[in-house]
Amino acid sequence: MRKTVQALSLLIFTAFFLLATYRLPDWLPADLYLRIDPLLGLNALLASREMIGRVLWSLILIGATLAVGRFFCAYVCPLGAAIDGFDFLLFRKVRRAALRTDSTLRRWKYGLLVIFFAAAATGVSLVYFMDPIALLTRFYAFFLYPLLITVANILLDLLRPLFQGLGWVGLAHQHNPQPVFYMTAVTLLIFGAVIALNRLAPRFWCRYLCPLGALLSLISPLGVFRRRVSPECDLCMVCRKGCPMGAIGEDPFKTVSADCIQCRECAGICPQKAISYPASFSGVGEYSGPDLSRRGFVYSVGGGLTLGFLSLRTPFTSLQGRRQLIRPPGALPETAFLRTCIRCGECMKSCITNTLQPSLWESGFSGLWTPKLELRMAACEPNCNVCGKVCPTQAIRSLSMGLAKLSPWQDTQAPFFNSSATCTLGSRAGLAATSAPVLPCCS
Amino acid sequence: MIGDKRGISRRQFLKVTAAGVTFGLAGYPPFLSAAEEVDLAVISGEPAAATRKALEVVGGIARFVKKGQRVVIKPNMSFARTPDFAATTHPQVVVAVAHACIDAGAKEVLVLDHTLQRAELCLDRTGIRDACRNIPGVHVLALQDRKFFREIRIPQGKVLERVEVLTDLLDNAVLINVPVAKSHSTTGVSLGLKGLMGLIWDRESFHYRFNINEGIADLATVIKPQLTILDATRAMASGGPGGPGDVKKPNLIIAGVDPVAVDSYGVGIVPWHGRNFKGRQVEHLLAAHQRGLGKIDVEKLRIYKGTV
């Protein structure tokens, strides 16, 4: 049952990802998974110090976790599903002994969570690097999606003689423009590392590193479903070995409730059928919080603040407003944009002209993976603005197209609209010249 | 059957043939041949109706499209612009021509262009794909990959020795060019001959490797549309080829077999970039004319003017 739900969730995630094209209807949130991710939302709120409407979607997941527990990791998380899938394919037969450093590693995710929030407090968005949904969306956008198009085109080429023979004119002429991105290899390496870590322990990522899991585990012990072991237990310890999260300690009657993702793997493998997950409303009584020590907490805060300092006190920051990096149409002013953007890559995937590309160092350390208009690829399509529709944190605002209005932000790095209300930025390979006065476009 | 006397004799055959030819020549109704005598049909009116009338005046579509033939219609849909920008051919003009071809018994009608902007956007925004959706046998395709092109030689080429053209154009397809009338930043105007650049793979090199005007004339020696129907229902008099620009409304459809003549007439219909020009002042038209590809002097053309 769980695997079906997981697969379904991954499928929905994939379908929504593929739907993020310029044809996306206004009512459909293609970035749904990113929107319901409270980690991305809270970080964007904290870093930008602005209210962001779409972040309210994350209340869905917060509410569900408060009520049910940390089920998200086992049933919904698409990265969790990918990790489980690859685990089954690659490491099913590998004997993995319990890590001796388990209890130390287990604290890492809380340390990372604190680091990200401390950095966000200084106005630097770092969480994108390890948020599972952003990480997977990036992997989809910069690696899987281009690969999918390549494979599709190869198949079309192979079948073309057949289509021609059958007189299927449309298919015989079908060819999909190949999207290409900077940083494809880096993105693949990071995803590969997340999968490879499973060699050491099942769900290594989820157990030790995932900051979203850490955030959810702060509230998940309040959920109603708890693991209960009946006295029939004969201490065989099968459950302890089988728990993918390592949430069962020396005493099999106890559960590390913060790490329990309610996958019920233990209930399935228990020879005595002694494990059940009844609903109980005993509340806060059994709350076992994160095991991050006070020292670890202080170090993490210090680390986050230091990263914030390192990112902000550079010439990049003071030149941000003046740098000639062209952002997507409707992007927030540069400083606010860097704080709000979560680098999921959804805008770059949906960009029909493949103009939006991830940046490396162009806007400093704090600008990794942020979208920029690479006009040497193609001109931005002025009537599209799908990037604004799919931005989960509204770092790119959804523009109402057609009329140019004078922006209150004079430093907006957005395409320019001329007096006839048409974007001329790059309309001829970036060489547009217009005699009309240009207005920054923002509605 | 050798020696069989039941067939007609040579003498009988010659007699009957001579009689037939005489009768035909004498009795050939002049009102029928008049249609073929005009060089240009210049029809004023709504896009679809004017196009149909223009087709009729140049001799009817059956003159160009025979039963079972493949037809390539080449509109300008290079830019993702709605028809009111006048950067692309009016969908109703394309539909009228496509319908006529199908009615004349064409096996298949391909509406093709190698678009400058993203194929998908061009097909969408120009309205041409939607307009042709419900005509069976008509396929609107924007091709942007090299595999759909094949290299041919240009024996009379001055700046081009060979060129890769759309494969669908080869193999005896009937080509009907349906350009839009617009200004062009490099060639002054973009009409029928300039529009031929939408049928080749490497259009960029025209802009920097050699004289684009000679290049277009070279192209015109190998890509010869059987019929050119210039959509001047709107004309972008400045700001071309992509626009936005000054859109005028001449409300004209200009059709003819001679591609240079059609373009040359098109040059005169509106002032381009604020000035009046003649065909001879357009370098690529003059080059094509000098290669013997068509007549350039409008005053020497037989023109049928009409309104619908």
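This report describes a helix pair, model confidence and some backbone features in a predicted model.

Residues are numbered from 1 along each chain as its sequence is written, and chains are lettered from A in the order in which they are written. Local features need pLDDT (the predictor's confidence in each residue, from 0 to 100) of at least 70, and side-chain values use heavy atoms, with hydrogens and water left out.

The mean pLDDT of chain B is 91, with 93% of its residues at 70 or more.

In chain B, the axes of helix H10 (residues 259-267) and helix H11 (residues 283-290) come within 10 Å and cross at roughly 150 degrees; axes are lines fitted to C-alpha atoms, for helices over the stretch in contact, and angles run from 0 to 180 degrees between N-to-C directions. H10(B) and H11(B) are therefore roughly antiparallel, a term for angles over 145 degrees.

The loop between H10 and H11 of chain B holds B:His273.

| Residue | Phi | Relative accessible area |
|---|---|---|
| A:Arg343 | near 55 degrees | 2%, buried |
| B:His273 | near 50 degrees | 42%, partly exposed |

Most residues other than glycine have a negative phi, and most peptide bonds are trans. A cis peptide bond, with omega about 5 degrees, joins B:Gly240 and B:Pro241.

Methods
Predicted model: local features only at pLDDT ≥ 70, side-chain atom pairs only at ≥ 80, totals over all residues. Helix = DSSP H or I, 4+ residues; strand = E, 2+ residues; numbered from the N terminus. Parallel < 35°, antiparallel > 145°, perpendicular 65-115°, else oblique. Buried < 20%, exposed > 50% of the residue type's maximum accessible area, 1.4 Å probe, protein only.
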